[in-house]
Amino acid sequence: LTAMGEPSMDPTISAPDSTAQQDSFFSMMDVFLISLITGLFTYWFFFRKKKEEVPDLPKMQSVAAPVRDSSFIEKMKKTGRNIVVFYGSQTGTAEEFANRLSKDAHRYGLRGMAADPEEYDLSDLSRLSEIDKSLAVFCMATYGEGDPTDNAQDFYDWLQEADADLSGLRFAVFGLGNKTYEHFNAMGKYVDKRLEELGAQRIFELGLGDDDGNLEEDFITWREQFWPAVCEHFGVEATGEESSIRQYELVVHTDVNMNKVYTGEMGRLKSYENQKPPFDAKNPFLAQVTENRKLNEGGERHLMHLELDISNSKIRYESGDHVAVYPANDSSLVNQIGEILGTDLDTVMSLNNLDEESNKKHPFPCPTSYRTALTYYLDITNPPRTNVLYELAQYATDAGEQERLRKMASSAAEGKALYLSWVVEARRNILAILQDMPSLRPPIDHLCELLPRLQARYYSIASSSKVHPNSIHICAVTVEYETKTGRLNKGVATNWLKNKVPEQNGSSSLVPMYVRKSQFRLPFKPSTPVIMIGPGTGIAPFIGFIQERAWLKQQGKEVGETVLYYGCRREHEDYLYREELARFQKEGVLTQLNVAFSRDQAEKVYVQHLLKKNKENVWKLIDEGMAHIYVCGDARNMARDVQNTFYEIVSEFGNMSQPQAVDYVKKLMTKGRYSLDVWS
């Protein structure tokens, strides 16, 4: 532009020049300007094209991070393994079972490895026959309403779409489920059926573990029959007694930079000091507690409402989602374990995997202190599983105690019964076992290796992001009970949350959390009626739903009937969110509020009784209004009773037989018109 303007300012051109000279000058200028513009445009065009073509591929390749080898076949060949145990795990139990099975293999002259399906290309299953005496085992948990666990989602998707020939594959499946749920062990059943459809050979029957019963016993019973079937198939024999094999070696750090030591972080070191989105299970957000109030007016229990500040986290949530919270163990329990084992809990150490090829280098983030491990990383409050007792038995110096531990870890009927009564039903955690067996004093590092990971706790979010975009609300009841041994056991997360008070004296209460998406969603059309059934803390997601319907109404949207069936013990004791619900009803958002007080009269009244009482209206909303039904709370009794009540209502008013009514309700579920958010 400067060049184009320069000639008109040339001082050698005088004003009185003749017209001819001017014509000549301008015609020359025209040519010059057009040439200049054309040249600049051409130069710019080609220069721009060049810019777009950069960077070239060779440069990209030279600086790109190496892609991790996702072939489990190559890894098995390289490390001499012939059994791979894949796990679909949400809470760590399926992973624990997979590790136990892979360790078992050495007893039969075989070598196993546990594997996370998320880390490998499962289409390689068709190549497993390249390895002699090869076998794939699948420990698959079912999550939610028949869903795969997060880490098995890709595997599930692949199975659905796969057209692979798995005729050379030998497999076995153990499923982990809970009979109180509608879709009991759906994932285990699907994997077992689908692998057979793709031509794979089942070498042992599908195992179905029930967490509502005794999952550990189900697993042991299946396992003790599984290995003889493997031996028979491959023509191998057990090499001897089950032996204790350490998976990790202890390294004590005497001179370590404390900036390199984990203090409770789930993934990245110092991630709690330097928070970076996105936030998830391996990178939780530290949310500040801005409110923590008691909801109930009386009674022995403590029901609470907490609000977590998620400002500046970029966390997004929808009504019906779950918030996952990472709790910490009670410091008094941690200290008692340290005292009993005579350990300096502030010793900084690492547990390093002896298998250098393993993707899992440590059982929990290392280096760290024993105190941190027992506080943030390890489950010290649940009754330990039989494999832990077996491994610990060697450290009992009293012969009677050692025999008792080995018996409880055995597959004998007497041993199973003893484990059930002395550990499971008595709710003995590791501290109680150490207290009740004075000669049992294992090295703390081996104990830390054996204990399972402390898991995140999930809560249904009790708020709407339309109304509270920077805040997530939790409704919970503290768990506290006396065991058969007279000990007072406390729920880890709820008691930890109970003590999280909003900012005091400049110090804030922080909660590591992330959001897990769910399928528990309001209808797409606000005009669709909703029937919500949620006694106790099951009301949580419905507070969010009602908030959202109120917001939609304020936006001028047509909002359909919003019906709530809520239940509690006594009206003047534990009627949660009483004022909020009354306000919503007064504003006309909550069109029906039906509350069952189970203990305010001689005969107990529950939500299903109120549904029966209003059965005609309920049927009209379902049949004519195309209402969506939502059930939240206890899976074992309430959800089942409510579902049976819907069968009765549908049968009576829809003129259907019982099987037809059941089919009708199942179809509502398939269409997303009957949703469950339940726990046992």
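Me: How many salt bridges does the structure hold?

Reply: The structure holds 43 salt bridges. Keep in mind that this is a predicted model. To read one, look for a side-chain nitrogen of Lys or Arg within 4 Å of a carboxyl oxygen of Asp or Glu.

Me: Where in the chain do arginine 301 and aspartate 574 sit?

Reply: Arginine 301 is in the loop between strand E9 and strand E10, while aspartate 574 is in the loop between strand E20 and helix H18. The two are 273 residues apart, and their pairing links distant parts of the chain.

Me: Is aspartate 574 buried or exposed?

Reply: Buried means under 20% relative accessible area. Aspartate 574 has 3%, so it is buried. Arginine 301, at 29%, counts as partly exposed.

Me: What does the salt bridge between glutamate 216 and arginine 385 tie together?

Reply: Its closest N and O atoms are 3.5 Å apart. Glutamate 216 lies in helix H8 and arginine 385 in the loop between helix H10 and helix H11, so the pair ties together parts that are 169 residues apart in sequence. Glutamate 216 counts as buried at 2% relative accessibility, and arginine 385 counts as buried at 19%.

Me: Which residues do salt bridges with shared partners join into one network?

Reply: They are Glu74, Lys77, Asp124, Arg127 and Glu130. Within this group, arginine 127 forms a salt bridge with aspartate 124, with 3.7 Å between the closest N and O atoms. Arginine 127 is partly exposed at 25% relative accessibility, whereas aspartate 124 is buried at 11%.

Key: Residues numbered from 1 in each chain as written. Predicted model: local features only at pLDDT ≥ 70, side-chain atom pairs only at ≥ 80, totals over all residues. Heavy atoms only, no water. Buried < 20%, exposed > 50% of the residue type's maximum accessible area, 1.4 Å probe, protein only. Helix = DSSP H or I, 4+ residues; strand = E, 2+ residues; numbered from the N terminus.
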